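Keep the structure open as you read.

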Amino acid sequence: MNIKLDHITKRFPNRNKKIHEDVIAVNDFTFDIPDGKLIGLLGPSGCGKSTTLNLISGLEAPSAGRIYFGDTDVTDLPAENRGVGLVFQNYALYPHLTVLDNITFPLGNLRGAAKLTKEQMREKAMEAAKLVQISELMERRPSELSGGQQQRVAIARALVKMPSVLLLDEPLSNLDARLRLQTREELARIQRETGITTIFVTHDQEEAMSISDLIVVMKDGVIHQIGKPQEVYDKPCNLFVAKFLGTPPINVFEGSLKGGKLFIGEENVLDVKLTGNNDQSSGTDTAAGDSAERPVWVGIRPEGFIPDAEGPLSCELQKIEVMGRDTSVVSKHASFVGTTVRSIIPSEDAAGIAGETVRFRLKPAKVCLFDHETEETITFEAR
Ligand code: ATP
């Protein structure tokens, strides 16, 4: 089932009596969610992720805009009639019921022609349990299960009615790191096997990047970028998205463009040609700022540095951390925004790094430029 959010806005009255404006949790949100995909809704706390899920599920009604499931306008349809499976951060299992009864619970509400016999309910529950690999736990109660197992019961319960859409709100945040890693792979598998359009909310960018077909990066109720995880990582549309994705984070420097050259401090680190509508003077393709100097933010991914004794970017070496296959080189630079520059290089290339200074060449594909004022991406080709 594809879902269309058409100019959705959600306002909440502000509880702070001194502030009269509403809280705008979701602001003019338009997004076509393709059928059968796993979508990660990603953004900092308070950016409107949960509200977006609640609007899709029908738990909240939008202040403006329409929501479509396929061709059907479901904006005014109550949550229970939308065919949506929901899993929340706290799994909210019934403690006095067995796993089997927890999973069959939603089926008990079916009425009329849809009403099921006890045996039919059991069959459906066993099917869902098999999918999430908890078939042998059906007689236990939630308190006799690990966090990961409880999480699977919650997913089975959401799947048992074969929903057309599965919505997961921070489903992994109660799990420890190892279980979290394992369960996220499980989630991706279940989604592939069922083919149910699934939207999950997380503030963990690594989690979203690792299993999503598409990620939606939000801030302050607004979509900043939608795309395949690698595309968004490689070509962020602005400085916020660039900084939000990636661990260690992108390294940001104060830089400038002049006469087709990119400078960090006094050092000409790349020769560039701007593409698209980035040129401030003419709006056409041109060498970067032929005469005037243009201040920019330069973002360099940690894997974008190549150690080179002749390299143009010289940094003050702080320390070298060997992490097996890779080595992290920690350094300082006067134009760096923050404390230390973190570059990740293959360990076999780290042998020659010593002394007070480390010099780098840059991989152009790992360098992003942003307008100093708007912080929007400036597209360029390396020359
Ligand atoms: P988190 O990651 O912290 O869960 P989120 O991205 O899911 O955050 P939402 O819970 O959707 O964010 O909240 C978005 C904004 O709307 C926040 O500023 C929040 O305070 C506000 N908000 C959410 N629900 C209500 C409500 N019922 N009444 C008033 N304001 C609300």
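The largest nonpolar core has 37 residues, and Ile103, Ile134 and Leu159 touch the most other members. Such a core is a set of buried Ala, Val, Leu, Ile, Met, Phe, Trp, Tyr and Cys residues joined through side-chain atoms within 4.5 Å. Buried means under 20% relative accessible area, exposed over 50%, and partly exposed in between (1.4 Å probe, protein chains only). At least two residues of this core come from each of α2 (99-104), α3 (118-131), α4 (147-159), β7 (165-169) and α5 (177-194). The largest share, six residues, is from α4. Helices (H or I, at least four residues) and strands (E, at least two) are DSSP runs, numbered from the N terminus.

This is a predicted model: local features need pLDDT of at least 70, side-chain atom pairs count only at pLDDT 80 or more, and totals for chains, interfaces and linings use all residues. Residues are numbered from 1 along each chain as its sequence is written, and side-chain values use heavy atoms, with hydrogens and water left out.

Look at Ile134. Leaving aside neighbours within four places in sequence, Ile134 is in contact (heavy atoms within 4.5 Å) with Val99, Ile103, Ala129, Arg152, Val153 and Ala156. A second, separate core has 28 residues, including Leu270, Val298, Ile300 and Val358.

Now find Arg301, in the loop between β15 (294-300) and β16 (305-307). Arg301 is buried but has no salt bridge; Glu303, the nearest side chain of opposite charge, is 5.3 Å away. A salt bridge needs a side-chain nitrogen of Lys or Arg within 4 Å of a carboxyl oxygen of Asp or Glu. Lys and Arg count as positive and Asp and Glu as negative; His and the chain ends are not counted. What lies 3.0 Å from a polar atom of the Arg301 side chain? The backbone oxygen of Tyr233 does. The backbone oxygen of Ala242 lies 3.3 Å from a polar atom of that side chain.

Helix α1 (residues 49-57) is largely enclosed by the rest of the structure, because eight of its nine residues are buried. Among them are Leu53, Leu55 and Ile56. Just after α1, Gly58 takes a positive phi of about 100 degrees.

Strand β11 (residues 251-258) has six of its eight residues buried, so it too is largely enclosed by the rest of the structure. Seven bridges join β11 to β15, and the two run antiparallel. Phe253 has Val298 as its bridge partner in β15.

Methods: A polar contact is a pair of N or O atoms within 3.5 Å; within protein, one must be able to donate a hydrogen and the other to accept it, and residues adjacent in sequence count only if both atoms are side-chain atoms. Two strands pair if DSSP finds at least two bridges between them.
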